[in-house]
Amino acid sequence: MVDEYNDLSEITSLTAWTIVEQNADLPNPLVVSTGDFAKEEYESMLMQVKNAESIGLPNDYGEWEVDDGSGSCIVDDYLFAFVPTVGSVYNITGIANYYIEYKLEPRSAEDIELITIAPKITNLNVSTRVPLEKEDFTDTVKVVATEELQTVQLRYMIAKDDENIKSVEMVSAGNDSTFSATIPASAYESGDPVEFWVYAEDVLGEFSESEHQGFFAGYTIISDLHQVDDNRALIYADYYARTNGVATIDNGVLDTSHLNAYMQDETFGGINVFKYDAVSTTFILGHEYTVIGKIEQFNGLAQLVPD
C-alpha cells in the first residue's frame with residue numbers, strides 16, 4: 001500500500017516481495033543543481049550534486065548545506081556522518097530523503113568527493129565608478145584558492161581591443177585573500193571605453209576570471225554611448241559613464257513613480273535618464289546636468305541609470 005509518513009511517500013504493509021537479481025548494477029545517480037534538488041519528483045532516488053561549496057558546518061542534527069551557485073541544499077547524516085571544510089567544494093552522491101525538509105543522504109565516504117577547483121574571485125570595491133581623465137582607477141577583490149596562488153592580475157583593454165590586453169599584477173591589500181591593483185590614468189583618455197576584469201591562477205594551473213566590467217573614462221558625449229552591433233544591441237551595455245546634457249522634459253511628466261526624463265548635449269545626442277523609485281529626484285526642463293550612471297537598454301531604448 002502506498003502511504004505518506006511525515007510527507008515521505010512509502011510502500012507499507014508489504015505482503016510479498018521477490019528477489020529478481022542479486023548484485024545487480026546500481027543505477028547511475030541523477031545529477032541536479034543544488035537549487036533544484038528539493039522536489040517531490042526526486043524523493044527516494046539516487047541523486048548527485050556537483051561542484052557544490054560547503055557553506056557551513058553541521059548543525060546539532062548533523063545537517064550541513066552546500067551550494068553550487070543555484071541555491072543551497074541540505075546534506076544529512078542519517079546514513080553517514082561527515083564534517084566538511086567550509087569553503088571546500090564537493091561532488092556528493094546520496095539518497096533524496098524527506099523529513100521536514102528535503103535532504104541528500106550520502107551512504108559512505110565514497111559518496112563525498114573533494115574536488116580541486118579554480119580560485120574563486122569576489123569583487124569587493126572600486127575606487128570610483130567613472131575616473132576622471134587624469135584619475136587612476138583601483139580595483140579591490142577577494143581571491144580564495146584551494147592551492148597556493150601563482151598570480152592575480154587586473155586585466156584591461158581599451159575599446160574592446162582584445163588583441164591589446166594589458167595587465168597589472170595585483171598585490172595583497174592587508175590580508176592573504178584581498179588583492180588590489182591600479183590602472184594608471186595614463187592608460188586612457190577622456191571618452192575611452194575601458195573594460196576590466198581579474199584573472200587568478202594557482203600553482204596547479206587552475207585559473208578563473210571575474211566578470212567583465214567597464215567604464216568610459218572622464219566625460220563622454222552622449223552619441224558615443226549609443227554604439228550598437230549588427231543586432232542593434234548596445235556595444236557598451238553595463239559600462240558606467242559620465243556625461244553632460246540639458247534636460248528636455250521635467251521629471252514626473254512621463255512617470256509618477258520613477259525618475260524618467262531625457263537629456264541632450266550640444267552634439268545633438270540624447271538619452272533617457274531612468275532610475276526606479278526616484279520620482280522625487282530634481283530634473284528640471286532647461287537645466288544642465290552631469291549624470292553618472294550605468295548604460296542599459298530597455299526594449300531597444302538606451303538609458304543612463306544612476307546608482
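Reader: Let's start with charge: how many positive and negative charges are there, and how far apart are their mean positions?
Author: The chain has 15 positive and 54 negative charges, and their mean positions are 7 Å apart. Lys and Arg count as positive and Asp and Glu as negative, while His and the chain ends are not counted. Each charge is placed at NZ of Lys, CZ of Arg, CG of Asp or CD of Glu.

Reader: Thanks! What kind of model is this, and how are residues numbered?
Author: This is a predicted model, where local features need pLDDT of at least 70 and side-chain atom pairs count only at pLDDT 80 or more, whereas totals for chains, interfaces and linings use all residues. Residues are numbered from 1 along each chain as its sequence is written, and side-chain values use heavy atoms, with hydrogens and water left out.

Reader: How many helices and strands does the chain have?
Author: Zero helices and 23 strands. Both are DSSP runs numbered from the N terminus: helices are H or I with at least four residues, strands are E with at least two.

Reader: And what about the radius of gyration?
Author: The chain has 27 Å, whereas a compact globule of 307 residues would be near 19 Å. That is taken over C-alpha atoms, and the globule rule is 2.2 Å times the number of residues to the power 0.38. The C-alpha trace spans about 85 × 50 × 40 Å along its principal axes.

Reader: What share of the residues is buried?
Author: Of the 307 residues, 39% are buried. Here buried means under 20% relative accessible area, exposed means over 50%, and partly exposed is in between (1.4 Å probe, protein chains only).

Reader: Which share of the contacts links residues 24 or more positions apart?
Author: Such residues account for 57% of the contacts with a separation of 6 or more; a contact means heavy atoms within 4.5 Å.

Reader: Nice. How many aromatic pairs are found in the whole structure?
Author: The search finds 14 aromatic pairs. Rings of Phe, Tyr and Trp (its six-membered ring) pair if their centres lie within 6.5 Å; planes under 30 degrees apart count as stacked, over 60 as edge-to-face and the rest as tilted. One of the pairs is Y199 with F207, stacked at 5.7 Å centre to centre with 25° between the planes. Y199 is buried at 9% relative accessibility, while F207 is partly exposed at 48%.

Reader: How is the pair of F283 and Y289 arranged?
Author: F283 and Y289 are stacked, 4.5 Å centre to centre with 10° between the planes. Both F283 and Y289 are buried.

Reader: Which residues form the aromatic cluster?
Author: F137, Y188, F196 and F215 form one cluster.

Reader: Last one: is A96 buried or exposed, and what does A96 touch?
Author: A96 is buried, with a relative accessible area of 2%, and lies in strand β7, residues 89–99. Leaving out residues up to four places away in sequence, A96 touches F37, Y42, E43, S44, M45, M47 and K103. The C-alpha atoms of A96 and P29 are separated by 10 Å, though the two are 67 residues apart along the chain.
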